[in-house]
Amino acid sequence: MQQSFIIYLTRTFIEMSICTLEQLENKISLTAEEKAWKEDKLSLPLLITDYYMNLIDPKDVNDSLRRQVVPSSKENRLGPLENPDPLAELENSKTGRLIHRYESRVAFLATDICAQYCRHCFRRRFTGNMQGPATRDEVLDAAEYLKENKKIKELLLTGGDPLTLSDSSLEEMVSILREARPDLIIRICTRMVAVQPSRITDNLIKVFKKFKSAPFYLMVQFNHPRELTEQATQACAKFIDAGIPAMNQSVLLNGVNDSADVLEELCNALVFARIKPYYLFQGDLVSGTSGFRVPLEKGLQIERELRRRLSGLAMPVYAADLPQGGGKVPLCGSYIEGFENGVWTFRTLEGERRLYPDPQ
Ligand SMILES: *Cc1c(COP(=O)(O)O)cnc(C)c1O
Ligand code: SF4
C-alpha cells in the first residue's frame, strides 16, 4: 500500500547540488556576511543545483543570481512587522494542504521540497521543512473539498515545487484531483525550468498530456534575463508545444532586478520565448527577507517606466500580497487627475493632459 508520493530528486542529482557552506566555499569565496549565516529552525535550507551554480559569476559578489541562492546573515534578522506567514495562509487552510483565499481558486501544496531554495521565498513557514509530498489522504481530502465547492475554477499545484515529485507520483496526484473535478483548470507552479531544466523530460510532458478534460497552465518564476538560458527556454517550449501556455511571476528583488533596464530585457525575452509576463510581485513581509525588499516608491517608478517602454503583451501586473492575508492588489500609479462637471482629466504616459467627458 502506497502511503506517500515518491520524490523525483535522484541521488546523483542531489549529490551534485550544493547544500553546505563548505561545499559552496569550494566554488566561490564567501563574503563575511555570507559566512556568518546561521542555520536555525526557521531558516530555509541551503540548496543550489549544479546547473544554477554554473550560471553564477564567481568573481562578482553582487551577482544577481548569487544573491537569490547564497544565504546571508541578513536572513537571521527579523525585520519590523515580518513574520513567517504574512499572507495568513494557515488561517485560510481548508484541508491539510489546501489554501482557499479567493473564491474562484485554491492553492494545493503538493510538497514543501524544491530543487533549489530561493532566499527570498515567501512561503518560509512551509518550504523546505522536509515534510515531503502530501500524503494520499491529504490529496483525497483536497479532492473532496473541490467536489463540494463548485465555485472553484482553478487549482494551483504549488509548494515547494510540485515537479520535484516523480512522474508517476505526479500522475497519481493529478488523477485524483482531476477525477474529483474534471472541469478544473490546473496551474503547475514551478521554478524547475529555471533551476534544473533537465527535469523537463518528454515523459513528464506525456503525464500532463494524458489529462484532456481541462487545460493546464505553466506558471514559472524567472527573475533575471540570465536565468532564461537556452536550456530553460527549451524546457518551457516543451510545455508550450504540448498546448500548455506559460506565464511568468517575477519577484521584484533588491540588487537582482530592481531596474527598468533589467526588467525590460527580461520581459521582452520572456515574450520572445512565448512566456507571458503575468505578475511582478512586491516582496512580502516574510521573516528575514528585508534585504530583498524594494521601497514601494521605487517599485512604482519602475512600473511607470516599464509601462512606457513595454508592449501590453510584455507588461506584467505589479502587485502586492497585503499583510494579514489581505490578498493581492495591483500597484500602479493613477492616470486620472480629476473629475469635474462630467469631464475626466487624464495624464498621458508622456505627462500631457487630456479631457474625457462622460456621456451626457
Ligand atoms: C496568488 C494566489 C492565487 C492566484 O491568484 P491569481 O491572482 O489568480 O493569480 C490563488 N490562491 C492563493 C492562496 C494565492 O496566493
Ligand atoms: S521555488 Fe518557490 S517555493 Fe521553492 S524556494 Fe523558490 S520561491 Fe520558495
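**Exercise 1. Find where P71 sits, and say whether it is buried or exposed.**

Step 1: P71 is found in the loop between α5 (64-69) and β1 (93-95); helices (H or I, at least four residues) and strands (E, at least two) are DSSP runs, numbered from the N terminus. Before going on, note that this is a predicted model, where local features need pLDDT of at least 70 and side-chain atom pairs count only at pLDDT 80 or more, while totals for chains, interfaces and linings use all residues. Residues are numbered from 1 along each chain as its sequence is written, chains are lettered from A and ligands numbered from 1 in the order in which they are written, and side-chain values use heavy atoms, with hydrogens and water left out.

Step 2: P71 has 0% relative accessibility, so it counts as buried. Buried means under 20% relative accessible area, exposed over 50%, and partly exposed in between (1.4 Å probe, protein chains only).

Step 3: Leaving aside residues up to four places away in sequence, P71 touches E34, W37, L46 and R119; contact means heavy atoms within 4.5 Å. H120 is 49 residues from P71 along the chain, and their C-alpha atoms are separated by 9.7 Å.

**Exercise 2. Describe the surroundings of R187.**

Step 1: Strand β5 (residues 185-190) contains R187.

Step 2: The relative accessibility of R187 is 10%, so this arginine counts as buried.

Step 3: Not counting residues up to four places away in sequence, its contacts include R105, E154, Y217 and Y278.

Step 4: One of these contacts, R105, lies over the face of Y102, at 4.5 Å from the ring centre. A charge sits over a ring if NZ of Lys or CZ of Arg is within 6 Å of the ring centre and within 35 degrees of the ring normal.

**Exercise 3. How many aromatic pairs does a search of the whole structure find?**

Step 1: The search finds 7. Rings of Phe, Tyr and Trp (its six-membered ring) pair if their centres lie within 6.5 Å; planes under 30 degrees apart count as stacked, over 60 as edge-to-face and the rest as tilted.

Step 2: Y278 and Y279 make a tilted pair, 4.4 Å centre to centre with 50 degrees between the planes. Y278 counts as partly exposed because its relative accessibility is 25%, whereas Y279 is buried at 16%.

Step 3: Y279 also pairs with F281, again tilted, at 4.7 Å centre to centre and 35 degrees between the planes. F281 is buried, with a relative accessible area of 14%.

Step 4: Now look at F208, F211, F216 and F239, which form one aromatic cluster. Over the ring of F216 sits the charged end of R178, 4.8 Å from its centre.

**Exercise 4. Check the span of helix α12 and find its buried residues.**

Step 1: The expected span of a helix is 1.5 Å times one less than its number of residues. For the 14 residues of α12 (residues 296-309) this gives 20 Å, and the end C-alpha atoms are 20 Å apart, which agrees.

Step 2: G299, L300, I302, E303 and L306 are buried in α12. Seen down the axis, the buried residues fall within an arc of 160 degrees, so they line one face of the helix; the arc is that of the directions from the helix axis to the C-beta atoms.

Step 3: Among the elements covering these buried residues are α11 (260-272) and β9 (317-322).
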